2 protein chains.
Amino acid sequence: MKPASRRTGRPRKDDDRAAARERLLDAAHELMCERSTIDVPLLEIALRAGLNVALVNYYFGSKDGMLLQMAMRHQSNYAAVLQRLLEADYPGAAKLGLHIRGMVRAFRRVPYLQRLQHKILRDSSEEEARQVAVALIQPLAEFYRQLVAQGVADGSLKPVDPMHLHITIVGACDMLYSGSASLAHGFGVYGVDDALSAAYSEHLVALVMQGIGREPPPA
Amino acid sequence: MKPASRRTGRPRKDDDRAAARERLLDAAHELMCERSTIDVPLLEIALRAGLNVALVNYYFGSKDGMLLQMAMRHQSNYAAVLQRLLEADYPGAAKLGLHIRGMVRAFRRVPYLQRLQHKILRDSSEEEARQVAVALIQPLAEFYRQLVAQGVADGSLKPVDPMHLHITIVGACDMLYSGSASLAHGFGVYGVDDALSAAYSEHLVALVMQGIGREPPPA
């Protein structure tokens, strides 16, 4: 039997609450993507959601609370996905290639995630920062440590500092979006579409694996 | 003969103005570096400089005007430096290595430069955005186009999309600073010192040139 709310067409209170929360998070997501910045006024988020701005405090406690939910909402199984890749039966180099492609796709879905995480870690309460660190930052750091160790042990990767590699790959993915103004003003490219994301993913895998240098041809 | 101001020990009006401008720019620079963010309130910048906040408008017209001067102040010969490297008598791959090392050093001096440029391009007036685009964004984009063309022509570089390479290198340099919270919470590294900057520079050159993949060893 369907719940009462569905039969009458009138949503129940709980559905209302959940729907309003989601509408605020969706509105914030849209505005951050459209404007290539996480600095979006609460008032405009509420306006886009068609809700009163006071509901942000009601549902999330504060703007920081809402930003935390934005950082966490798509990441419920983040650590588990990384762990599964570590446990898969491939050489380390193959796992790294899969990881890079997954990262480029993740930034295509949530282009501002890195900037949002850092804002929370820097500006939010200790408890909010701790949640992001435990759920998102530490699992990725640990993933890089184990992945490099596996790849060096199985001979598929050269030794590399896991933190250096982490900075390079995350930075290279993030800049495709946080550097959108450079793409526009420097290269006449306005926004990232599926084709650019896919081409960039292949570029990054090839660069990390083989590099772009080659010996000069024989004279 | 020294100017009157130096002889009497009392700075002239022009010196006062120049000194106050510099103090504001220096204070903003310090705060942006200390806090790993470009979101620093004007009032705190003025406080750090020991000057009245109204002077920001007096000297720079607006906060945006001050940010523009911050982006431009160390970049007076930026395009000329890039052009000189393009005209040097090295293979393209060697020039790319020098460029990467120079970029890592540039971010060590001005860790927030990339974020500041993008803020100006996104939020400031058309004229301020145009100045940053012409002085900083377009010369770097053109540098990548010509450098890759040179390296492919002389056989020292594999073909690569100059924009992809630009995104990767700038992103990899920027993340060392904009990702400082990841370094702290994920790797226990608090701040970038000379040793980390130098090691990261060598990592990035090696990664871009040779990659980190290698054939599995013979069984």
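Q: Does B:K95 count as buried or exposed, judged by its C-beta neighbours inside 10 Å?
A: This is a predicted model: local features need pLDDT of at least 70, side-chain atom pairs count only at pLDDT 80 or more, and totals for chains, interfaces and linings use all residues. Residues are numbered from 1 along each chain as its sequence is written; chains are lettered from A and ligands numbered from 1 in the order in which they are written. A residue is buried if 20 or more other C-beta atoms, placed from the backbone, lie within 10 Å of its own, exposed if 12 or fewer, and partly exposed in between. B:K95 has 23 such neighbours, so it counts as buried.

Q: Which residues is B:K95 in contact with, leaving aside its neighbours within four places in sequence?
A: B:K95 lies in helix 7 of chain B. Helices are DSSP runs of H or I with at least four residues, strands are E runs of at least two, and both are numbered from the N terminus. Contact needs two C-beta atoms, placed from the backbone, to lie within 7 Å. By that test the partners of B:K95 are B:L85, B:A88, B:Y90 and B:L147.

Q: How far apart in space are B:K95 and B:K119?
A: In sequence, 24 residues separate B:K95 from B:K119. C-alpha to C-alpha, the distance is 30 Å.

Q: How many helices does chain A have?
A: Chain A has zero strands. From the N terminus on, its elements run α-α-α-α-α-α-α-α-α-α-α-α. The helix count is 12.

Q: What percentage of chain A counts as buried?
A: The C-alpha atoms of chain A fill a box of roughly 80 × 40 × 40 Å along the principal axes. Of contacts in chain A with a separation of 6 or more, 65% join residues 24 or more positions apart. Among its 219 residues, the buried share is 37%.

Q: How many residues of domain 2 of chain A are in contact with domain 1 of chain A?
A: Chain A splits into domain 1 (11–61) and domain 2 (73–210), with bounds from an automatic or database domain assignment. Over C-alpha atoms, their centres are 27 Å apart. Domain 1 brings five residues to the contact, and domain 2 brings eight.

Q: Which helix supplies the largest share of the side of chain B that touches chain A?
A: The contact takes in 50 residues of chain B and 50 residues of chain A. Helix 8 (113–123), helix 9 (126–153), helix 10 (162–178), helix 11 (180–187) and helix 12 (194–210) of chain B each supply at least two residues of that side. The largest share, 11 residues, comes from helix 10 of chain B.

Q: Why do the copies meet through the same surface?
A: The copies meet through the same surface because interface residues of chain B are also interface residues in chain A. The proportion shared is 100%.

Q: What is the distance between the end C-alpha atoms of helix 12 of chain B?
A: The expected span of a helix is 1.5 Å times one less than its number of residues. Helix 12 of chain B has 17 residues, so it should span 24 Å. The end-to-end distance agrees: 24 Å.

Q: Which residues of helix 12 of chain B are buried?
A: Their cover includes helix 10 (162–178) and helix 12 (194–210) of chain A, together with helix 7 (92–109) and helix 10 of chain B. The buried residues are B:Y200, B:S201, B:H203, B:L204, B:L207, B:V208 and B:M209.

Q: Which residues does B:V208 touch, not counting those up to four places away in sequence?
A: B:V208 is among the residues with the most contacts inside the largest nonpolar core, which has 102 residues. Such a core is a set of buried Ala, Val, Leu, Ile, Met, Phe, Trp, Tyr and Cys residues joined through C-beta atoms within 7 Å. The residues that B:V208 touches are A:L207, A:G211, A:I212, B:L96, B:I100 and B:I169.

Q: What is phi of A:S36?
A: A:S36 lies in the loop between helix 2 (13–35) and helix 3 (42–49) of chain A. With 19 other C-beta atoms within 10 Å, A:S36 is partly exposed. Its phi is positive, in a residue other than glycine, and is near 55 degrees.
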